[in-house]
Amino acid sequence: MNNSFFKLWLPIFSIIFIAFYATYSYTEPTVNKHLTIASGGTTGNYYKTALLYKKLLEKQNVQVTILNTAGSVENIKLIEEGKADIAFVQSGIMGHQNNNILSLASLYYEPLWVFYKNEGFPIDYLIQLIGKKTAIGQKGSGTHDLSSRILKDNGIDSSNSNLLNYSTKEGKQKLMQGEIDALFVVSSAKSDTVKELLENPDLKTLSFKRASAYNAKYSFLNRITLYEGTADLYMNLPDEDKHLLTTTANLVAAKGVNEELIRLLLKQTKKVHAQKGVFEKEFQFPNLNNLDSPIHPEALRYLTHGDSWLEQIFPFWIASNIDRLKILIIPFLTLLLPLFKGIIPLYTFTMRQKIYKWYERLHEIDLKTYGHSKLELKQGLIDLEELRVEVHGHTSVPLSYRGEYYDMLSHIDLIRIIIEKKLNEFN
């Protein structure tokens with residue numbers, strides 16, 4: 001029937017929708033789709049990575065604000081002060097446990113690079129830097145924190161050497177211009193600064209011969225090897241294997257950041273960091289290794305189990321909302337059960353009501369056959385034909401009601417015969 005859907009199903013779906021919406025209103029509030037990320041200096045790899053996250057997240061309708069900072073130490077402070085939601089930090093930088101800062105993932109290796117002027121003799125040990133001008137990173141950066149510790153272990157401090165707090169960009173310029181003797185940098189091998197310094201024939205890269213000893217002292221430091229010719233095969237840079245110490249770039253979050261945003265962010269880290277790098281194997285990162293603070297529960301779930309089956313089928317926000325509404329399943333099913341039980345009786349009633357209306361009209365026409373004029377009998381025939389056209393030509397009747405349908409047509413024909421007989425009596 002033309003209007004059967006609206007008369008039968010629309011009220012049912014309306015009831016379901018109202019109940020669904022009412023319960024939804026009492027679930028978790030809608031996510032505030034905004035993240036503030038503390039990155040680092042605009043020339044650093046943290047900032048470039050944050051820009052990649054921003055681009056990917058904004059495709060998911062998440063607004064991202066990037067804060068430029070001095071580095072890891074300042075980033076931690078911004079998280080603690082509630083001025084940032086997410087931050088890049090260098091592993092080993094957090095000297096104390098802070099339950100308000102949760103780790104999300106390790107992202108990639110960040111070696112400690114020590115570049116020095118090529119003056120014809122190698123520097124094999126850091127102690128050889130005593131008395132020299134050495135840039136160890138600006139205060140508030142992870143480079144400054146790690147460099148200070150490593151130099152202190154070798155008896156080097158401001159009392160016997162000229163330790164300078166230049167930014168990486170400024171330190172690079174000073175070293176290339178010959179104004180300082182050495183430069184400490186903690187950065188990914190993808191860093192433009194690192195690539196430029198590695199390819200400069202006037203500079204050398206220190207190889208940590210005692211890398212294993214540093215690893216034994218600091219659990220967050222690992223030993224990796226930069227193989228001969230990695231930077232430039234034609235020029236054979238470096239000209240020998242270099243043993244380096246490496247931290248990892250970690251991602252941390254303030255405790256109160258919404259879990260859905262955390263999960264969405266981690267999905268982007270997989271897109272950005274799963275590729276093979278100079279030191280990283282394919283799919284090695286992101287991971288849950290070398291983290292300083294407690295692991296965020298959502299990060300643990302996602303990096304352990306990956307995408308849920310809902311996320312594999314639907315776009316993230318649809319899958320997320322379905323997952324949020326899982327607590328509605330029981331009340332929803334409880335509501336649907338009596339509704340579906342009532343559908344068949346309601347459907348039967350709706351169909352029979354239509355048939356009853358036809359019979360009501362047929363009865364009215366039948367009454368005209370008793371004691372009425374010839375004109376009224378002719379009008380009755382016209383009314384019967386209109387009813388027949390409506391029943392036969394403009395109405396779709398389910399197969400289960402075909403019996404009543406054909407009964408209706410037979411009764412129409414019966415009344416037509418009676419009227420025609422009465423009309424013949426007038427002739």
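Colleague: How much space lies in the second largest pocket?

Modeller: About 430 Å³. Keep in mind that this is a predicted model, where local features need pLDDT of at least 70, side-chain atom pairs count only at pLDDT 80 or more, and totals for chains, interfaces and linings use all residues. Residues are numbered from 1 along each chain as its sequence is written, and side-chain values use heavy atoms, with hydrogens and water left out.

Colleague: And what counts as a pocket or a cavity?

Modeller: Both come from a 1 Å grid over the protein atoms alone: a pocket is an open set of points with protein on both sides within 12 Å along at least five of seven lines, a cavity is a set where a 1.4 Å probe fits but cannot get out, and lining residues have an atom within 4 Å of a point. Points are joined across faces, edges and corners, and a volume is the space filled by probe spheres set on them. Here, 28 residues line the second largest pocket, and Gly41, Gly44, Ala70, Thr168 and Val186 are the closest to its centre.

Colleague: Which element gives the most to that lining?

Modeller: α2, with 3 residues. Helices (H or I, at least four residues) and strands (E, at least two) are DSSP runs, numbered from the N terminus. By class, the lining has 6 nonpolar, 20 polar and 2 charged residues; Ala, Val, Leu, Ile, Met, Phe, Trp, Tyr, Cys and Pro count as nonpolar, Asp, Glu, Lys and Arg as charged, and the others, Gly among them, as polar.

Colleague: Now helix α9: which of its residues are buried?

Modeller: As a general idea, an α-helix has 3.6 residues a turn, so residues three or four places apart point the same way. In α9 (residues 297-305), Glu298, Ala299, Tyr302 and Leu303 are buried, that is, under 20% relative accessible area (1.4 Å probe, protein chains only). They cover an arc of only 115 degrees, taken from the directions from the helix axis to the C-beta atoms, which puts them on the same side of α9. These buried residues pack against β4 (101-117) and α8 (259-273).

Colleague: Which residues does Thr269 contact?

Modeller: Thr269 lies in α8 and is buried, with a relative accessible area of 0%. Leaving aside neighbours within four places in sequence, Thr269 is in contact (heavy atoms within 4.5 Å) with Tyr53, Leu107, Leu251, Ala274 and Pro286.

Definitions and conventions: Buried means under 20% relative accessible area, exposed over 50%, partly exposed in between (1.4 Å probe, protein chains only).
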